[in-house]
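I opened my notebook beside the structure to keep a record of what I looked up and in what order.

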Amino acid sequence: MNNTQRKICEDAIDIFGAHHQIIKAAEELAELSQQVLKAANGDVNKGHIAEEIADVEIMLEQLKIIFDRRVSVEAQVDSKLDRLQRKINKIVKGAV
Ligand SMILES: [Mg+2]
């Protein structure tokens, strides 16, 4: 997310309030969950999935701002991707 996009997220929190945006985040997560489950059951609508992923990315940015967690989220992502890579390597190595 670029600085202009982040500023819009900050403005949304200022205008609508943190509590409202936290609830909005939960709603958007539920909407993405619904689309993903539909796709898993064979009802794939890539346009709807893209729209809901975009909504969730916007709300995740706002959650990071509200809870002041950008740096720790980045550290968690690094750590979790390292763990995932080790798990993949273990499986690939075992398959050879
Ligand atoms: Mg949505």
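These entries cover a helix, a metal site and a single residue, in that order.

**Entry on helix α1.** I began by noting that I am working with a predicted model. I looked up helix α1 and found that it runs over residues 3-16, which makes 14 residues, and that it reaches 20 Å from its first C-alpha to its last, close to the 20 Å expected at 1.5 Å a residue.

Next I asked myself which residues of α1 are buried. I found R6, C9, A12 and I13, and I noted that they lie on the same side of α1 because they cover an arc of only 110° around the axis. As a reminder to myself, I wrote that an α-helix has 3.6 residues a turn, so residues three or four places apart point the same way. On the other side of α1 I found N3, T4, I8, D14 and I15, which are exposed. I then looked for what covers the buried residues of α1, and the list includes α2 (18-40), α3 (46-66) and α4 (70-95).

I also checked both ends of α1. At its start, a side-chain oxygen of N2 comes to within 3.0 Å of the backbone nitrogen of T4, while just after α1 I came upon G17, which takes a positive phi of about 95°.

**Entry on the magnesium ion.** Which residues coordinate the magnesium ion? I listed E28, E31 and E52, each through OE, and D55 through OD, at 2.0 to 2.2 Å. Written along the sequence, the spacing of these donor residues is E-x2-E-x20-E-x2-D. I noted that E28 in helix α2 and D55 in helix α3 are 27 residues apart, and that this pair links distant parts of the chain.

**Entry on Q21.** My last stop was Q21, which I found in helix α2. I wrote it down as buried, because its relative accessible area is 5%. I found a polar contact of 2.7 Å that joins the side chains of Q21 and H20. Leaving out residues up to four places away in sequence, Q21 touches A12, I13, F16, M59, Q62 and I66.

Notes:
Residues numbered from 1 in each chain as written. Predicted model: local features only at pLDDT ≥ 70, side-chain atom pairs only at ≥ 80, totals over all residues. Heavy atoms only, no water. Helix = DSSP H or I, 4+ residues; strand = E, 2+ residues; numbered from the N terminus. Expected span 1.5 Å × (residues − 1). Buried < 20%, exposed > 50% of the residue type's maximum accessible area, 1.4 Å probe, protein only. Arc of directions from axis to C-beta. Contact = heavy atoms within 4.5 Å. Polar contact = N/O pair within 3.5 Å; in protein donor to acceptor, adjacent residues only side chain to side chain. Donors = N, O, S within 2.8 Å, 3.2 Å for Na, K, Ca; no water.
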